[in-house]
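Please walk through the model below, beginning with a loop and ending with a helix and what covers it.

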Amino acid sequence: MIDLYYWPTPNGHKITLFLEESGIDYRIIPVDISAGDQFKPDFLAIAPNNRMPAIVDLDPSDKGAPIPVFESGAILLYLAEKTGRFIPSEPRARTSVMQWLFWQMGGLGPMAGQNHHFSQYAPEKIPYAIERYVKETNRLYGVLDRRLAANAEAGGAYVAGPDYSIADMAIYPWIVPHQRQGQDLADFPHLRRWFEAVAARPATIAAYARGEPYSNRPTVTEEGKKILFGQTARRAG
């Protein structure tokens, strides 16, 4: 039913988490971002921002032509609405999920991504940049830890409330590389409790197993750095 254009990165894992939880049939089409697969014309027709993940829904609800969707947050929302799962219909609960989904898309993901870039991939180690993004990642971990503490007091186990949702699916993969981000989960006990609970879910285990065949190849090679970090408008097109 779903073609998933995928590579085993945090954003890619978000979508396999949903698909494994929901039981939707899907086919992985690998997009090797170090090899430049994201610039192939067929992929750009689906994802004009030349970033994976992207999906094509081969059996949309309106029974019309296949629907392509790009941007991981948009994909999660599309799939949640399609299936009626992992997002509440009640307005207050739905707003809570949406807020934390967008918190990840606008905050944790970009800041942790810059953390990874300057600490792991940048050819020149710039202490100011590393410190800036490690500290901002730390601040965001604190925001999440306090949110989970407040939810626990109210009887909720997950980020947006008592139920597992697309907000959790969006956030979890960006916490997985916490050591590379210079973070210690021991400093965030409520976050660690949540992290361990999500990690133990059968669908989480299955989702990460689906990425294993592609994980033996480096996510970013030296040649891949030139592709990923040297893009301009001309190259992106």
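Pro53 sits in the loop between helix H2 (41-44) and strand E3 (54-57); helices (H or I, at least four residues) and strands (E, at least two) are DSSP runs, numbered from the N terminus. The peptide bond that joins Met52 and Pro53 is cis, with omega at about 10°. Asn50 is found in the loop between H2 and E3 as well. Asn50 is not a glycine, yet its phi is positive, at about 45°. With a relative accessibility of 3%, Asn50 counts as buried, where buried means under 20% relative accessible area, exposed over 50% and partly exposed in between (1.4 Å probe, protein chains only).

The model is predicted: local features need pLDDT of at least 70, side-chain atom pairs count only at pLDDT 80 or more, and totals for chains, interfaces and linings use all residues. Residues are numbered from 1 along each chain as its sequence is written, and side-chain values use heavy atoms, with hydrogens and water left out.

For residues 1-87, an unreviewed UniProt entry lists "domain: GST N-terminal"; UniProt positions are given in the numbering used here, feature names are shortened, and annotations may be inferred rather than shown by experiment. This span is 33% helix and 21% strand, and its end C-alpha atoms lie 20 Å apart.

Strand E1 (residues 2-6) contains Asp3. Is Asp3 buried or exposed? Its relative accessible area is 8%, so Asp3 is buried. The side chain of Asp3 makes a polar contact with the side chain of Arg27, at 2.9 Å. A polar contact is a pair of N or O atoms within 3.5 Å; within protein, one must be able to donate a hydrogen and the other to accept it, and residues adjacent in sequence count only if both atoms are side-chain atoms. Not counting residues up to four places away in sequence, Asp3 touches Arg27, Ile29, Ala54, Ile55, Val56 and Leu58, contact being heavy atoms within 4.5 Å.

Helix H1 (residues 10-22) has 13 residues. From its first C-alpha to its last, H1 reaches 19 Å, close to the 18 Å expected at 1.5 Å a residue; the expected span is 1.5 Å times one less than the number of residues. H1 is mostly covered, with 11 of its 13 residues buried. Among them are Pro10, His13, Lys14, Phe18 and Glu21. Just after H1, Gly23 has a positive phi of about 75°.

Another positive phi occurs at Phe86, a residue other than glycine, where the value is near 65°. Phe86 lies in the loop between helix H3 (72-83) and helix H4 (91-121). Its relative accessible area is 13%, so Phe86 is buried.

Next comes the loop between H5 and H6, where Val159 is found. Val159 is buried, with a relative accessible area of 0%. Leaving aside neighbours within four places in sequence, Val159 is in contact with Trp100, Leu144, Arg147, Leu148, Asn151, Asp168, Ile171 and Trp194.

The loop between H6 and H7 holds Pro177 and His178. Pro177 counts as buried at 14% relative accessibility, and His178 counts as buried at 14%. Leaving aside neighbours within four places in sequence, His178 is in contact with Tyr141, Gln183, Leu185 and Phe195.

Which residues of helix H7 (residues 189-199) are buried? They are Leu191, Trp194, Phe195 and Val198. Seen down the axis of H7, these buried residues fall within an arc of 100°, so they line one face of the helix; the arc is that of the directions from the helix axis to the C-beta atoms. An α-helix has 3.6 residues a turn, so residues three or four places apart point the same way. What covers the buried residues of H7 includes helix H5 (127-153), helix H6 (166-175) and helix H8 (202-215).

Trp194 touches residues including Leu144, Leu148, Val159, Asp168, Ile171 and Ile175, not counting those up to four places away in sequence. In the largest nonpolar core, which has 66 residues, Leu79, Ile166, Ile175 and Trp194 touch the most other members. A nonpolar core is a set of buried Ala, Val, Leu, Ile, Met, Phe, Trp, Tyr and Cys residues joined through side-chain atoms within 4.5 Å.
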